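Morning, everyone. Please look at the screen, and I'll walk you through this one.

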Amino acid sequence: MLTVQIVNGLMEGMMLFLIASGLTLIFGVSRIINFAHGSLYMLGAFLTYQLVPLFSDGSLLGFAVAVLLGAVLAAAVGALFEMAVLRRIYRAPELMQLIVTIALVLIVRDLVRLVWGPNNVSVSMPDALAGAVQIGDSFFPTFQFAIFGAGLLVVALMIAIIRFTRAGVLLRAATDDRGMVALLGIDQRRIFTATFAAGSFLAGLAGGLASPFGNVNYLLDTEVIVAAFIVVVIGGLGNLYGALAGALAVGVIKSLGVLYFPRLAMVLIFLVMAAVLLVRSMGRRELQR
Amino acid sequence: MVDKRFELSRTLARAALAAVGLAMVAAVAAGPARAADPIRIGLVAGISGACGPLVDGEVKAVELGVDQLNAKGGLLGRPIELIKRDSKTKPDEGAKLARELVLNDKVDVLTGTCSSAVMLAVSAVSKELKTPFYSTIGNSQKANIEAFQPYFWQTQAHALMEAAAAAEFVAGHADWKRVVPMGFDYEWGHTSVDTFVAHLKQLRPDMEIADPLFPKIGESNMTSYITAALAQKPDVVYAAVFGGGLINLIKQGKSFGFFQRASLVTLMTVDTMQALAKDMPAKGVSGYARAPFFELMGNPKAKAFVEAYRERYGVYPDDWATSSYDGLMYLAAAIEAAGGTDADKLMAAVTSITVHGLRGDALKVRDFDHLMNAPVYVGDVTTDSPYGFPIMKNVVRIDADKTMPSKEQVEKLRAAAQ
């Protein structure tokens, strides 16, 4: 039973990482807390819902195509938003930037409701992933293993890009010291737009990938954003590896909580978050002395 | 000359003033009796927020019903005016809007609330401003028991009744020996689980009842709850969940092979079956429902409603729509019986009339807790359906006399709450 819950927690954690990765990437580079991350996730889910029937009659490849296309469209929305709105307010106080992203939340939510209506919709599971894998006398959904694999792939790709490409070098440089990058004559605006698009792509990808595993409706945005923030805060804002560790930890804590303290499972996660914040802020104070 | 002219204009002015005054007095006197003065219904509902998907059907059905009544000349010769407000599924917002509707828009009746929390907040306003208020979705029993107030009535089976009906259904399966209860982690979920467990213990003392699980409302990832429930090797899982969270439970449960190993008994409304469509498991899901249209088609009134709804909106009505329409027609009958919208006369009519509605030919509201004798429908979900989405088969209508708490029980609960 313990192993079942741990495996399960890791699976859920990877799903959370997929959501949180884009959020932490955007924050790392542009210091923007993007409240609209959940909206882009939701958009990815709805676009997948719309596109799946066009490409897939239960085939895995068609599903993958629909998800990727949905994610690309979400990235386009993100890039457009960055160029049209966010770019103009990077010098504004942080609160202002936060409010602008909340405006995007409201706009996307109303548009989604207008296009797809207020009711729940369901994306069908691709046939190949519909079954369960038996380990011992427990069953695990094939789908969760696929998500875990997709999560690992995203981590590997992100590390590869960040470590070994010029774009990655610029990204790291911009995360470390924005001013220095500008002094070197690199157009910061392009870095910011690209990062925001990449983060939006990851959000859309997560939304599309998760869509067959549950319900899709216009309220997904806020459900998702809270979980993503918890993960990112535990992992350290802007820290990719931290987000991965934080996501897996949250998944496992939740599933063990359900096993041992069924009535407190949700509270546990917030307690861990509070503890992490407390320890970190104390550490900072130590440093300042 | 100047004085005279002044005198003349003053006289004229006085005369004019008097005429205007007289006209005003006449208008005021005629006001309440004038035939065209509309009956105003204030609908406060979570048009946005967590209740959005449920309220959609409610609003559609109420708009249809109001238009139908107006097409027949309104009620008592007065047209009906529907004023909608979005509570955003927030109790304080709902209470504020209800107050504005009564004080500024002069509504005669309030309705609409979906979340129990908003319902209780609006009920408090209804009590304070002595404005009749009925609920067709939100169904916390608190409004009928501890927080009861004389201007409220409930046109649904409340949470205790639904949980009792679910217990009856589970107890009726002799081959089910172990049950895991589950509920959303808020007032409604806990009350439902507690009532279900208490009722089941009486009906089936032999049944093993595991510790309940409480996922948060709308939980997007139910997997740890699914594995925890399956680890108990249950024959059946009772789940007081609904909407998106329920869809997550079913879809994720399906990939765990849940429905090959256990059955699920849960609140199963038409909108959930429409949303799941072909993703619904072919067996293993049973449900209790409030107003499943496909079970009501034998009733000509219900059939006419379903057809009118389809013609106007192009879809079949979900339970929220059907029961909200039923609630509106009950109100219409009460207004006609009361001969107007005077709050006290209307409430007297509400508890004395019997209405032939969509859910039966003898709907009425009890006087000591203002609860309608609404039935609960239980059955097994099947994908074999003529409607293009799953429905329920082997449906049993559990009448309210089996599930409604007795007067003594209600009084005991009220005394305990004080």
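Helices are DSSP runs of H or I with at least four residues, strands are runs of E with at least two, and both are numbered from the N terminus. This is a predicted model: local features need pLDDT of at least 70, side-chain atom pairs count only at pLDDT 80 or more, and totals for chains, interfaces and linings use all residues. Residues count from 1 along each chain as its sequence is written, with chains lettered from A and ligands numbered from 1 in the order in which they are written.

Take residues 225-252 of chain A. The span is 86% helix and 0% strand, with its end C-alpha atoms 19 Å apart. Now residues 98-116 of chain A: 100% helix, 0% strand, and 27 Å between the end C-alpha atoms.

Next, helix packing. The axes of α1(A) and helix α8 (residues 188-210) of chain A come within 8 Å and cross at roughly 170 degrees. Axes are lines fitted to C-alpha atoms over the stretch in contact, and angles run from 0 to 180 degrees between N-to-C directions. So α1(A) is roughly antiparallel to α8(A), a term for angles over 145 degrees.

How many residues of α10(A) are buried? It is 15 of the 21, so α10(A) is largely enclosed by the rest of the structure. Buried means 20 or more other C-beta atoms within 10 Å of the residue's own, with C-beta atoms placed from the backbone.

Last, the interface. In chain A, 33 residues are in contact with 33 residues of chain B; contact means C-beta atoms, placed from the backbone, within 7 Å. The largest share of chain A's side, 7 residues, comes from α1(A).

How values were computed: Contact = placed C-beta atoms within 7 Å. Buried ≥ 20, exposed ≤ 12 C-beta atoms within 10 Å, placed from the backbone. Parallel < 35°, antiparallel > 145°, perpendicular 65-115°, else oblique.
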